[in-house]
Amino acid sequence: MPKGFFTDTTVCIGCKACEVACKQWNQLPDDGMQFTGMSYDNTGHLGGSTWRHVSFIERPVPMGGADTAGMAWLMMSDVCKHCQRAGCLENCPTGAIIRTEFDTVYVQPDICNGCGYCVVGCPFGVIDRLHDDGRAWKCTLCYDRLKENMEPACAKACPTDSILFGEIEDLHVKARERVELLHERGVKEAYLYGADASSQPGTEGLNAFFLLTDKPEVYNLPPDPIAPAKKAREAWTSAGLASLGLLIAAAGAVLGSRR
Amino acid sequence: MSDGRFIDEEHGILAGEASHQRVRQSQDFPLTPRDETYPHTPTVVESDPTYYDKPVIKQAVWIWSVPAYLYVGGAGGAAMTLGAMAQVAGGWHLRPLVHRCRWIGATGGALSSILLVYDLGRPERFVYMLRVFRPTSPMSIGSWVLTFFGASAGAAAVFSRSGGFLGAVGDMAGLAGGFFGMPLAGYTSVLLSNSAIPVWQEARRSMPFLFIGSAISAAAAILNLFPLRKREARAVSTFAVLGGLLEIAGAAGVERETGAVPQVGRPLNHGVPGTIWKAAKILSTGGLILSMVPKKSRTMRRITGVLGTLGSLCVRFAVFHAGKQSAADPRATFRQQRARLS
């Protein structure tokens with residue numbers, strides 16, 4: 001049964017409990033103490049040892065239908081999107097990255113040889129190779145917990161249910177109801193990001209999708225992400241023609257040398 | 001206890017999904033604030049938003065050995081194809097050229113494997129590349145191509161001076177090597193463009209021509225460094241001219257494709273990759289012009305060879321580093337995709 005996350009950014013309070021729960025459950029190491037100067041975000045970005053990341057955006061535009069003194073503070077808990085067409089999985093040459101029985105994307109650490117091709121394949125900049133470890137790591141959607149019928153640590157820890165875990169179809173229904181409710185209340189800018197193939201054809205939909213209230217760029221999300229292999233046909237056609245060019249050049253060189 | 005997880009092994013068991021991540025000891029972590037903090041008031045700019053100018057996508061983690069492989073593998077592949085063609089249609093006059101091409105191919109194949117394994121995060125697991133065949137992954141296809149290429153080029157080189165049965169095996173291997181040399185010289189461009197990196201992705205139609213042209217130039221340049229007989233020198237010169245033309249046309253194509261959205265093509269005009277790219281164009285053009293000179297002296301051929309080699313190396317390193325810079329620039333990703341949507 002396909003499982004995933006629906007992250008509703010309008011109820012995120014930026015507590016970072018998801019980040020802590022993820023680190024603690026998965027026994028991930030810390031990333032050092034760093035002050036970034038980027039609002040309350042001292043995590044920076046997702047990476048090999050950071051599988052949840054809360055972003056903070058201080059926006060000088062009020063939220064629709066709200067009286068917030070001309071400001072709106074947007075917060076979003078970012079995570080691996082577990083794409084239907086996953087660039088990392090399609091690029092992986094060893095078969096280390098697999099799709100699980102829960103329709104999630106999982107990196108098998110005992111197979112990964114650290115070639116780094118998934119890192120450039122991900123249109124969201126999620127997966128990364130760890131320097132000290134040599135292998136690629138990302139959110140597993142708590143594969144170990146799912147197998148025990150438990151919800152992922154981040155969703156469990158989220159105090160406002162900004163992170164909802166469940167079966168994708170149920171999440172779609174809940175998300176659409178939520179958008180309608182917000183529109184009724186005057187938050188006209190609310191929309192779903194990556195909910196299905198029609199709204200995001202490049203990934204054919206995300207198993208971890210979001211409700212946003214501003215352009216994707218504001219949250220550091222790409223406006224039109226695409227699994228790279230979807231564009232490969234043109235590249236292979238050119239490569240075929242160019243290889244023919246090599247053959248012709250070789251023939252020209254050999255035949256032209258007779259004189 | 002002090003490895004950054006802060007788990008006391010007397011009380012906790014390391015059993016989580018990431019528990020076997022190899023990590024540094026915690027005293028190695030930077031506990032002081034970074035020098036570089038975001039320099040402005042953290043407010044989003046409405047017209048051209050980014051998230052604190054942070055990259056959207058990750059840079060390639062690859063090191064110098066990858067662009068070096070792009071050059072070495074390309075040169076080996078193109079040399080092997082020339083060798084196979086000379087074997088079939090060159091007669092005994094070009095037999096020494098065939099042998100030389102086979103050795104360049106075999107050396108290129110071996111060196112390629114070493115460079116690629118060296119770049120792996122877990123080099124001891126290199127053989128996992130041959131665990132599966134995944135058609136959506138150019139790296140998987142390339143691993144198989146390089147394996148077959150290396151084996152056939154190696155056999156062709158070893159048996160290049162044998163007679164009888166072994167000689168026939170060498171000739172068969174020479175043909176196989178020439179066949180696999182064609183995809184080997186070109187697939188690396190697909191490997192790069194099959195990524196989320198804007199400058200690589202946008203160059204997907206033209207980069208194969210640049211890379212194969214560059215591979216031909218590189219192979220001809222290496223051959224030019226060796227003593228050649230008159231007829232061999234003529235063949236190598238023609239090969240160099242055709243490769244140089246393809247290389248320059250490919251470079252123009254890459255500039256045109258990536259220039260459609262200025263922010264995407266920017267790394268080829270600015271900074272370190274921009275400079276290497278300019279050098280590549282000058283060196284390749286110089287090499288092409290010298291290749292066109294008929295009846296070159298030994299010294300002239302050597303200079304042509306050096307120019308061609310440097311030009312081809314610069315092409316690979318420029319494209320590689322342009323990709324690194326492109327990934328670091330969030331606006332390249334945003335504008336590339338917005339242009340696609342509008």
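Predicted model: local features only at pLDDT ≥ 70, side-chain atom pairs only at ≥ 80, totals over all residues.
**Entry 1: the second largest pocket**

I started with the second largest pocket, and its volume comes out at about 480 Å³. For my own reference: on a 1 Å grid over the protein atoms alone, a pocket is an open set of points with protein on both sides within 12 Å along at least five of seven lines, a cavity is a set where a 1.4 Å probe fits but cannot get out, and lining residues have an atom within 4 Å of a point. Grid points are joined across faces, edges and corners, and the volume is the space filled by probe spheres set on the points.

Residues are numbered from 1 along each chain as its sequence is written, chains are lettered from A and ligands numbered from 1 in the order in which they are written, and side-chain values use heavy atoms, with hydrogens and water left out.

Which residues lie nearest the centre of the second largest pocket? I found Ser113(B), Leu116(B), Met129(B), Ser143(B) and Leu146(B) there, out of 26 lining residues. Helix 1 (65-89), helix 2 (95-119), helix 3 (138-158) and helix 4 (164-193) of chain B are the elements that give two or more residues to this lining. Helices (H or I, at least four residues) and strands (E, at least two) are DSSP runs, numbered from the N terminus. I sorted the lining of the second largest pocket into 18 nonpolar, 7 polar and 1 charged. Here Ala, Val, Leu, Ile, Met, Phe, Trp, Tyr, Cys and Pro are nonpolar, Asp, Glu, Lys and Arg are charged, and the others, Gly among them, are polar.

**Entry 2: cavities**

Next I looked at the cavities, and the whole structure has 8 of 30 Å³ or more. The largest cavity has a volume of about 120 Å³. It is lined by 15 residues, with Ser217(B), Ala240(B), Gly287(B), Ser291(B) and Gly308(B) closest to its centre. Helix 6 (207-224), helix 7 (230-259), helix 9 (271-292) and helix 10 (298-328) of chain B each supply at least two lining residues. I get 4 nonpolar, 10 polar and 1 charged for this lining.

**Entry 3: chain B overall**

How many helices and strands does chain B have? I count 11 helices and 0 strands. The C-alpha trace of chain B spans about 75 × 50 × 35 Å along its principal axes. Of its 342 residues, 56% are buried, where buried means under 20% relative accessible area, exposed over 50%, and partly exposed in between (1.4 Å probe, protein chains only). I also checked contacts (heavy atoms within 4.5 Å). In chain B, among contacts between residues at least 6 apart in sequence, 75% join residues at least 24 apart.

**Entry 4: an open sheet in chain A**

Over in chain A I found an open sheet of 4 strands, ordered 8-1-10-9, with mixed pairing. Strands pair if DSSP finds at least two bridges between them. Strand 8 (163-167) and strand 9 (191-193) sit at the edges with a single partner strand each, so one side of each has no neighbour in the sheet. From one strand to the next the twist averages 25°.

Strand 1 (residues 3-8) and strand 10 (residues 208-212) of chain A run parallel, joined by 4 bridges. Phe5(A) stands opposite Ala208(A), and Asp8(A) has Leu211(A) as its bridge partner. On strand 9 of chain A, Leu192(A) also has Leu211(A) as bridge partner; strands 9 and 10 of chain A pair antiparallel over 3 bridges.

Why do I call strand 10 of chain A largely enclosed? Because 5 of its 5 residues are buried. Ala208(A), Phe210(A) and Leu212(A) are on one side, and Phe209(A) and Leu211(A) on the other.

Helix 6 (residues 168-184) of chain A lies across strands 1, 8, 9 and 10 of chain A, at about 135° to strand 8. Axes are lines fitted to C-alpha atoms, for helices over the stretch in contact, and angles run from 0 to 180 degrees between N-to-C directions.

Strand 3 (residues 72-79) of chain A has 7 of its 8 residues buried, so it is largely enclosed by the rest of the structure. It pairs antiparallel with strand 2 of chain A over 8 bridges.

Is Thr50(A) buried or exposed? Thr50(A) counts as buried, at 7% relative accessibility.
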